[in-house]
Structure formats: C-alpha cells, structure tokens
Amino acid sequence: MSIAALTQVYDETRRLAIAGSSLAGGDFRLKKLIPPLKKAGAKAPVMGKVADAIDRLVECPAKDSAQALLELSTLVNAILYTQGETGADGKMGAIPTSDMEMLATTTSARVIKPLIEALTTTGSGRLEIIRDAQQRGAFQDLRLVNPALEALDDVYGEIGDFVADEVLPLFGKAIYPELKAKFDPKGRGGHVRRLRLMHRLDPQATRPLVEEVLETGSKEMKVAALPCLGDSKEHLPHLLDQAGSRNKEVRAAALKAIATRKDSEAVDTLIKALSGADLEIAAGPASRNPSPKMAKFLVEDAARQLDELVEIKTKAKQKKPLARFYSFLMCFAERTDKKTVDLLADFFERRDELAAIKGDISGEDVNRRVASSLILTGSKPAMKKIADVHETLDPSLLDCALMAAIETQKPKEVYDRFSPYLRVKASPKKKRSDPALQKQEAIRDLLITTAYRFDYDYWGRDYDYAHALARLGHKAKLDPRWLDIAIETDDLELVETLARPKHKATNDFLSKKFEAKLKGKDVDYELGRLLDTMIQTEHPRLVEHFLDGLKKIGSPRRQYFYHPYWFARLIPQLPKKAAPKIEEMLPSMPEKVIDALAPCVDELKTKE
C-alpha cells in the first residue's frame with residue numbers, strides 16, 4: 001500500500017477544504033495521483049476506491065463538489081488512521097496563552113507559505129516579499145506571529161530591523177512575554193531589537209531590564225538602552241555622564257536621549273558637543289531641541305562660521321571650516337522657527353559666494369543642504385523664491401527648485417516651467433559634463449521619486465534632502481502632460497511611475513518594452529514591473545503578456561526565489577478569464593513555481 005500517495009491525497013484534500021471544494025474541478029495535482037493509486041489498487045483494492053473517489057471529485061460539477069470532497073477526505077482519513085498511532089508520552093500541562101485583541105486571521109492559507117519562507121529561511125529577495133506583505137496588511141494573522149518573532153534573529157540585519165520596527169508592533173503587548181523569555185542582556189543583534197521593541201510596547205515594564213543592561217550589558221545593548229531612559233530626571237545625570245563616554249556610539253546614543261530636554265545641563269552638553277569633535281553626532285539631536293538658548297546659539301554660530309569661511313582665500317585653509325559648516329547645517333534640518341527661515345534664506349542668497357569654493361565637500365554641497373533645509377521649514381515664500389530662480393541655479397540645485405515649485409505652484413505652471421529640461425538632447429559622450437543633461441537628470445529623478453508606485457529608496461540620500469522628499473511624499477499632483485513627454489523621450493522608468501489607465505500611447509509603449517525584455521536570455525526583474533504597470537493602465541493585452549512572462553520564469557534553467565513570488569502576487573489582480581489559461585500551464589512548471597502560483601490562481605478563480 002502506498003502510504004506516500006495517500007499522504008499526498010490527504011494534503012490536497014486539506015488544501016481544498018481550506019480553499020473551497022468548488023476549486024477541485026479539473027485539479028491537476030489530484031489528477032496526477034490517480035494512475036499510481038489505480039496501479040496500487042491491483043494489490044490493495046482500497047487504493048482503487050481512493051482513485052475512484054478522486055476521479056469523481058475532479059469530474060463532478062461544482063454544486064456536488066462539497067459532498068465528493070467530504071467522501072474522499074473521510075476515506076483517506078480512515079485509511080491513514082489505521083496506519084498510525086495516536087497519543088504521546090509525558091505529563092499533561094497547561095499551554096501558555098496570550099491575548100491578541102486586534103488580530104484576525106485574514107491572510108489566506110493558500111498564499112501565506114511564501115511569506116513564512118521569507119521570514120524563516122535565507123536567500124535574496126526576502127525583504128521585498130516581507131515589505132510588500134506588510135504594506136498589504138497580510139500580517140494581521142495569528143499564524144505569522146512566531147515566524148515574525150523568529151525573524152528578529154535573521155542573518156540579514158535589514159530584515160530583523162524591518163520586522164522589529166514595522167511588523168511585530170502590530171501584535172501589541174501580547175508578544176511581550178515571548179520577547180522577554182528569549183532576551184539576553186549581554187546579547188547582540190536580535191536581542192538589541194528585542195530590547196527596543198519591548199520598550200516600545202511597554203516602557204514601564206521594560207525599565208528594570210534597561211537599568212540592568214546599563215549596568216552589565218554589551219556595548220550594543222547600552223547604545224539601545226540609553227534612548228529608553230527618556231525624560232526621567234533621575235536618569236539625567238547618567239545620560240550626561242554617558243555623553244562623555246570614550247565610545248562614540250555610546251556618546252551618540254546619550255546625545256540622542258537628551259535631544260528634546262530643556263534642562264540647562266542637557267542644553268550645555270549639546271552645545272559643547274556641537275563646538276567640539278562630536279559635531280556630526282550632536283547635530284541631529286540639536287535640530288530637535290526646543291530650548292530658546294539652543295536656537296540662539298545655532299543661528300549666531302552658523303552666521304559666524306559662514307562669515308569667517310568666505311573671508312578665507314586659501315583653498316587649503318577653507319577645507320576644514322567648510323566641512324564643519326556643512327555638518328553644522330544639519331542642526332537646522334528639523335527647525336521651522338522664523339529665525340531659522342530668515343537665516344537659511346540669507347544663506348541661499350549667498351549661494352554664488354559658496355559655489356566658488358571647491359573641494360571634496362564643495363560650496364555646491366553646502367548650497368544643496370541650505371535649499372533642502374529651507375524647503376523643510378515649510379515656508380511658502382522661501383520655497384517660491386527657490387522655484388522662481390530655477391533658471392539661474394546649478395544642476396545640483398534644480399531638483400530642489402522643482403520640489404519647491406510642486407509645493408507652491410499649480411501643476412500646469414510647474415509643467416510649463418520645468419518640462420523643457422527633459423527635452424534636451426546631446427551626445428552621450430558629454431552626458432557627465434553637459435550642464436543641460438545634468439539638469440535633465442535632476443528633473444527626471446525628482447519626478448520619479450515623487451510619483452513612484454514602487455519601492456523607491458530615497459533614504460540613501462542626504463538626511464536633509466531625504467526628509468524634504470518625505471515631506472513632499474508620494475502625493476504630488478503632476479500635470480498629465482509629463483506622461484506624454486516621458487513616452488516621447490523613451491524613458492521607461494518615468495513612464496512606469498506616471499502611467500494612467502486607458503492611455504493608448506502608454507499601452508503601446510509598454511507592449512513594445514515588454515516584448516523587447518522578453519527576448520533577453522535571463523529573467524529580468526523589469527518584466528514584473530512592466531506587468532504591474534499594465535495592470536494599473538488596464539492594458540488590453542495584459543493576459544497575453546502575463547502568460548508570455550510566465551513561460552519565461554517557469555523555465556527550470558534559471559530559478560530565483562523572488563521571481564515566482566512577484567508574478568504570483570499579480571495574479572489576483574488579473575481578469576478572471578486568465579485563471580484557466582494559467583492553470584493549463586502549471587503542470588509543465590517546476591514544483592517551486594507551482595507552489596507559489598497555484599494558490600493565487602485559486603484566489604483569482606473565486607474573484608467576483
């Protein structure tokens with residue numbers, strides 16, 4: 001008797017019980033089990049009965065499928081029951097439980113497998129899967145609690161950080177006992193994440209652990225523990241003491257912890273750090289300090305530094321004060337008071353003086369930081385001034401001008417002013433040195449960032465510029481003619497970000513690009529991006545292109561962890577007519593691809 005075959009039948013009937021018996025019709029996984037079971041039936045007649053039950057299930061109409069599935073599963077369970085043992089040795093005891101008030105099991109069991117694999121295995125492409133699932137709300141599911149907790153110790157630190165910051169907080173205080181049970185005060189990596197997360201979930205309960213870490217913990221633990229002390233006056237002396245630690249990371253953590261305190265001692269400590277070697281680690285905390293004393297110091301010292309800088313005529317002597325002034329400007333990244341606005345506006349007016357200074361950190365770098373910080377203040381008059389002088393600006397400042405224009409002007413006016421920059425043509429050999437092409441790239445880059453539908457990492461940029469982009473966000477209202485110019489200039493990435501439904505020129509452009517990509521030897525990640533865009537544009541050839549792409553990724557010659565996932569996640573968004581066509585292709589594909597796609601095909605089949 002083939003127990004392995006029966007076990008497969010059991011797994012498939014369980015899958016259909018979850019997915020719905022109506023999906024059993026023509027199921028290729030069950031069909032392929034019929035021949036070996038009929039062969040086994042020659043020696044064990046009961047196996048033939050199982051094969052007949054499968055045949056009835058896959059051939060019966062949908063209205064009779066529930067009864068047929070019940071008969072098959074009952075038969076298989078009865079047979080397997082006679083072949084196994086029940087019970088276990090040991091004493092009975094209570095199972096620890098926790099209440100999770102906000103959670104409901106909403107993620108389909110058919111599509112949860114790739115996410116669990118991404119949380120518990122290794123390999124490339126996993127962070128994208130986890131991030132996508134979090135954005136779609138897939139983590140509102142009890143079955144993902146333990147895999148997510150396990151991911152805190154992931155070998156890829158970015159996954160551990162993302163899960164700690166964006167995923168596990170969704171589960172609330174219920175996970176606190178589990179976090180505490182596995183916490184090691186002298187540990188690193190995942191244990192550091194546990195401490196930060198526990199403090200976020202329950203600061204009061206975590207206070208004893210924080211104090212223990214400060215006494216006996218590792219350096220990494222102390223760095224994580226210092227910001228947890230917060231505004232407690234009793235811990236201020238300890239924070240001030242750690243601000244003078246020999247270890248730079250510990251000093252940075254202590255300065256961050258006192259960033260918002262108005263206490264005279266805390267403000268003096270920050271000012272001392274700004275005036276010394278710790279400028280770079282003190283600038284961020286200083287930008288958040290609300291003390292009038294701090295505001296006065298920053299404005300006066302920045303003005304003094306610039307006046308002294310422009311008076312230096314020797315390039316070699318300018319290098320050090322310029323770098324220091326550039327770092328000092330970080331102190332204004334989160335300040336919006338009038339004195340800060342007036343100071344930065346004055347610095348912007350002096351941009352020509354600064355532009356003349358060259359070096360590893362140049363005057364143009366300083367000008368860019370000034371413009372970004374000025375946008376961050378939210379001052380409409382200041383942003384309007386930046387936008388109005390766009391024609392006089394260096395290429396490195398032009399994206400700031402466009403950003404300011406989007407914030408203060410109507411979409412039509414922004415397009416009329418800035419679209420000519422995209423139409424510039426020049427020899428590719430001159431691309432790096434031609435200011436016109438540099439300006440074109442600056443405009444293009446900003447448009448892509450503000451309108452991007454995909455996961456675009458602008459946090460890798462300068463702190464102040466990144467925050468200015470975050471302030472603008474993905475809500476920028478753009479003139480529809482930007483899409484026409486993107487097609488005209490053959491800019492695929494820009495077309496993908498600006499594409500809109502039922503735009504014929506866009507759909508023709510996407511088909512042309514897709515067919516070109518399909519001819520390549522390898523599976524290009526761009527195939528998935530193009531299909532995603534086609535879904536958004538309601539492309540008339542969407543299903544045709546999807547099936548062509550599926551043939552490409554279904555080839556066993558080159559397989560990557562993330563290719564099946566990215567195609568699978570698109571399937572539920574396809575027209576329902578695509579389901580039987582995809583299902584017809586599945587038997588010829590590798591098992592790993594089938595595992596990723598089949599559940600999503602089932603979901604598409606039940607789509608209304």
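**Entry 1: the model.** I am working with a predicted model, in which local features need pLDDT of at least 70 and side-chain atom pairs count only at pLDDT 80 or more, while totals for chains, interfaces and linings use all residues. Residues are numbered from 1 along each chain as its sequence is written, and side-chain values use heavy atoms, with hydrogens and water left out.

**Entry 2: the cores.** I looked up the nonpolar cores, each a set of buried Ala, Val, Leu, Ile, Met, Phe, Trp, Tyr and Cys residues joined through side-chain atoms within 4.5 Å; buried means under 20% relative accessible area, exposed means over 50%, and partly exposed is in between, with a 1.4 Å probe and protein chains only. The largest core has 157 residues, and those with the most contacts inside it are Leu274 and Phe418. Its largest share, nine residues, comes from helix H24, residues 395-408; helices here are DSSP runs (H or I, at least four residues), numbered from the N terminus, as are strands (E, at least two). Apart from this core lies another one of 26 residues, among them Val9, Ala19, Leu69 and Ile79. I also noted that nonpolar side chains tend to be buried together in soluble globular proteins.

**Entry 3: Leu274 and helix H17.** Contact means heavy atoms within 4.5 Å. Leaving aside neighbours within four places in sequence, I found Leu274 in contact with residues including Leu279, Ala282, Ala283, Ala286, Phe297 and Phe328. Helix H17 (residues 279-287) has eight of its nine residues buried, so it is largely enclosed by the rest of the structure. I noted Leu279, Ala282, Ala283 and Ala286 among its buried residues, and these buried residues of H17 pack against helices H15 (248-257), H16 (264-275), H18 (292-311) and H19 (315-328).

**Entry 4: the rings.** I then asked how many aromatic pairs a search of the whole structure finds. The search gives six, where rings of Phe, Tyr and Trp (its six-membered ring) pair if their centres lie within 6.5 Å, and planes under 30 degrees apart count as stacked, over 60 as edge-to-face and the rest as tilted. The ring centres of Phe297 and Phe328 are 6.3 Å apart and the planes stand at 70°, so this pair is edge-to-face. Phe297 is in helix H18 and Phe328 in helix H19, 31 residues apart, and both are buried. Phe297, Phe328 and Phe332 form one aromatic cluster. Ala302, also in helix H18, is in contact with Phe328 and Phe332, among others, and counts as buried at 0% relative accessibility.

**Entry 5: the charged pairs.** A salt bridge is a side-chain nitrogen of Lys or Arg within 4 Å of a carboxyl oxygen of Asp or Glu, and the whole structure holds 45 of them. Arg15 forms one with Asp27, the closest N and O atoms being 2.8 Å apart. Arg15 counts as buried at 18% relative accessibility, and Asp27 counts as buried at 5%. Asp399 forms a salt bridge with Arg368, with the closest N and O atoms 2.9 Å apart. Asp399 lies in helix H24 and Arg368 in helix H22 (residues 363-376), so the pair ties together parts that are 31 residues apart in sequence.
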